[in-house]
Amino acid sequence: MESMNKVALFKQLQGDKWVKPFLKQYKKTLYLALFLGFCTFFCGGALMFNSGYLISKSASHPSNILLVYIPIVLTRAFGIGRPVFRYVERLTSHNWVLKMTSNLRVKLYRILEQDAIFFKRDYSLGDVMGLLAEDINHLQNLYLRTIFPTVIAWLLYIFIVIALGFYSLWFALVMLFYFGIILIVFPLWSVLVNGARQKQEKVLKNELYTNLTDNVLGISDWIFSQRGQEYVELHEQAQADLYAVQAKLRKFNNLRGLLFELTYGGMALVTLLWASGQFVGDHGGAANWIAAFVLAIFPLVDAFAGLPAASQETNVYADSLERLNKLPDQRAAKEVSELPQAPYDLIVKDLSFQYGKNQKEVLTDLNLTIKRGQKLAILGRSGSGKSTLANLLRGDLKPTKGQITLGGVDVSVLNEQMADYIGVIQQAPYLFNTTLINNVRLGNEDASPEDVWAVLERVGLKKMVASLPKGLETMVDEAGLRFSGGERHRLALARILLQDTPIVLLDEPTVGLDPVTEQALITTFMEQLQGKTLIWITHHLKGIEQVDKVIFIEDGQLEMEGSPEELAKTSPRYQKLKAIDDGRL
């Protein structure tokens with residue numbers, strides 16, 4: 001099975017939509033890099049060939065320097081040419097690869113950005129880290145460590161056999177066989193023996209990326225559940241498995257390196273025996289050509305030494321190509337043919353959603369109409385599906401079944417235009433490390449300072465901002481930590497007021513605030529967003545009397561709905577929850 005790894009790589013390259021486009025785009029640079037690589041090793045071999053001849057010729061019998069002037073010039077030319085070609089080849093090949101991988105990363109980032117939330121259905125953050133850190137780098141190494149050296153080695157192989165054929169057809173066939181062992185047998189042996197280990201190493205690394213990233217982000221859960229030591233043991237075991245595979249890889253590589261050196265030494269010995277018998281008494285003496293041919297063998301070892309190690313990694317490269325090609329295609333930004341029309345009612349019809357084919361449905365057959373100007377509170381326990389519903393309303397997720405329309409248009413097709421209709425205030429509004437006015441202007445970049453002061457007054461922050469030494473030009477530290485939770489939410493509200501969207505979604509904006517600040521903030525939201533459609537995602541009933549309608553989502557289904565007054569009279573469950581929230585139970 002592992003013997004088919006190279007075939008698998010070629011198949012992946014044939015159907016590849018990530019790398020192949022850049023092969024044509026930068027083909028001139030690619031051909032130049034390959035030619036320069038050939039010239040590098042040719043100069044190395046030719047340098048030693050001329051040097052051996054020159055030394056032997058000069059030592060065999062002193063003669064006029066004019067008789068060896070051409071070898072002297074060639075020796076100097078090849079001596080200068082080798083490092084120059086080497087430097088230019090590295091510069092060209094790395095420039096080609098880095099341009100390609102830079103474009104690959106841009107393409108990957110755009111795919112992740114365009115389907116950021118939808119992407120989470122099939123990939124965890126650890127998977128994304130694996131794609132970025134491992135797979136793109138593997139494609140970089142595919143060219144620098146495998147394709148370029150292999151093509152250059154085969155060019156040298158063909159050139160050497162043809163050149164030796166002019167001296168001796170028999171010896172050319174011997175070198176054809178010898179270099180064939182180095183170019184074919186050693187790489188094939190590496191793939192058969194070490195290929196599976198190489199793939200296992202990559203699998204273990206990917207699992208470490210996934211598990212370590214996800215577990216570190218959720219480290220508090222491990223600590224709070226008093227399972228910290230269990231987490232450490234899991235990580236140590238995974239690390240030990242990786243080290244064991246890497247130890248086997250190193251052991252095989254050491255053995256293969258020894259046998260490779262012995263094989264190459266045997267080739268040098270065969271060349272010595274052939275040259276000593278081939279040129280006796282010719283061209284000024286045997287030593288002239290023995291030294292030339294034997295010394296020319298040694299610089300070429302660098303062209304072939306890395307091929308076995310590169311070959312065993314072909315299955316890893318094929319796996320990386322496969323993972324990248326399974327990603328969704330990057331979609332070109334499309335203009336929406338039809339935009340929502342006023343009064344911008346949101347209609348949820350027969351909505352169901354699940355995060356994976358084998359996962360339980362988060363929402364099931366949900367029907368809901370949110371009229372223009374209505375203030376709706378969506379309540380439910382953690383995991384009940386209310387946050388998923390919020391993502392679906394914004395068009396960030398696509399329903400498994402059913403539809404959500406805004407003003408008669410499916411929200412999933414609005415893309416960037418959705419920001420013109422729905423503004424969002426999250427649990428923890430983020431403030432950027434720039435001026436205060438720039439942070440507020442995120443809602444409307446064309447807003448004047450007067451507009452900013454007006455919305456700050458509406459949210460109750462004008463006096464506080466005016467008291468700052470630089471006012472609106474005050475720099476906000478990273479994440480806005482100099483402001484309290486309530487102030488950050490009011491700044492977020494100021495953005496929304498500048499944005500002036502007809503619908504505002506509050507995604508549990510009062511979590512973590514003290515009761516007094518929470519009540520004051522809810523009152524500000526309700527007053528300043530008067531006339532707009534307000535969708536309030538919350539887990540408790542503080543300030544619930546200020547909305548027009550309340551719905552409860554339980555296990556993905558609509559359990560209760562009605563106005564706060566109606567539910568307070570007719571629903572024992574609502575009465576109990578309200579009493580608990582008010583501290584009466």
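## Notebook: a walk through the predicted model

**Contacts and overall make-up.** I began with contacts, meaning heavy atoms within 4.5 Å. Among those in the protein between residues at least 6 apart in sequence, 76% join residues at least 24 apart. This is a predicted model, so I noted that local features need pLDDT of at least 70 and side-chain atom pairs count only at pLDDT 80 or more, while totals for chains, interfaces and linings use all residues. Residues are numbered from 1 along each chain as its sequence is written, and side-chain values use heavy atoms, with hydrogens and water left out.

I then listed the secondary structure and found 21 helices and ten strands in the protein. Both are DSSP runs numbered from the N terminus: helices are H or I with at least four residues, strands are E with at least two. Of the 585 residues, 46% are buried. Here buried means under 20% relative accessible area, exposed means over 50%, and partly exposed lies in between, with a 1.4 Å probe and protein chains only. The accessible surface comes to about 29800 Å², and carbon and sulfur atoms hold 58% of that. Those areas come from the Shrake-Rupley method with a 1.4 Å probe, and for residues only the protein chains shown count as cover.

**Annotated segments.** Next I looked up the UniProt record, an unreviewed entry. Its "transmembrane region" annotation covers residues 30-53, 65-85, 142-164, 170-192, 258-280 and 286-307. I kept in mind that UniProt positions are given in the numbering used here, that feature names are shortened, and that annotations may be inferred rather than shown by experiment. I checked two of these stretches in the model. Residues 30-53 are 100% helix and 0% strand, with the end C-alpha atoms 35 Å apart. Residues 142-164 are also 100% helix and 0% strand, and there the end C-alpha atoms are 31 Å apart.

**Nonpolar cores.** Which residues have the most contacts inside the largest nonpolar core? They are W96, F148, M175, F179, Y264, M267 and F304, in a core of 47 residues. Such a core is a set of buried Ala, Val, Leu, Ile, Met, Phe, Trp, Tyr and Cys residues joined through side-chain atoms within 4.5 Å. Helices α3 (27-60), α4 (69-114), α6 (125-165), α7 (169-217), α9 (228-278), α10 (286-297) and α11 (301-305) each supply at least two of its residues. The most comes from α6, with eleven residues. I zoomed in on F148: leaving aside residues up to four places away in sequence, F148 touches L30, L34, S93, W96, V97 and Y143. Apart from this core lies another, of 43 residues, with V440, L468, I496 and W536 among them.

**Strand β9.** How many residues of β9 are buried? Six of the six are, so β9 is largely enclosed by the rest of the structure. I followed the side chains along this strand: K549, I551 and I553 point one way, V550, F552 and E554 the other.

β9 has a partner in strand β3 (residues 375-379), paired in the parallel sense over four bridges; two strands count as paired if DSSP finds at least two bridges between them. In this pairing, I378 stands opposite I551. β9 also pairs with strand β10 (residues 557-562), in the antiparallel sense over five bridges, and V550 stands opposite G562 there. The hairpin of β9 and β10 has two residues between the strands, and D555 takes a positive phi near 50 degrees.

**Salt bridges.** My last search was for a side-chain nitrogen of Lys or Arg within 4 Å of a carboxyl oxygen of Asp or Glu, the rule for a salt bridge. The count comes to ten.

- E508 bridges to K386, with the closest N and O atoms 4.0 Å apart. E508 lies in the loop between β7 (503-507) and α19 (515-528) and K386 in helix α14 (residues 386-393), so the pair ties together parts 122 residues apart in sequence. E508 is buried at 10% relative accessible area, and K386 is buried at 4%.
- K532 bridges to D500 at 2.8 Å between the closest N and O atoms. K532 sits in the loop between α19 and β8 (533-538) and D500 in the loop between α18 (485-499) and β7, so this pair ties together parts 32 residues apart in sequence. K532 is buried, at 14%.
- E554 bridges to R573, the closest N and O atoms being 3.3 Å apart. The pair links E554 in strand β9 (residues 549-554) with R573 in helix α21 (residues 572-582), 19 residues apart. E554 is buried at 13%, whereas R573 is partly exposed at 39%.
- R86, E89 and R90 are linked in a network of salt bridges.
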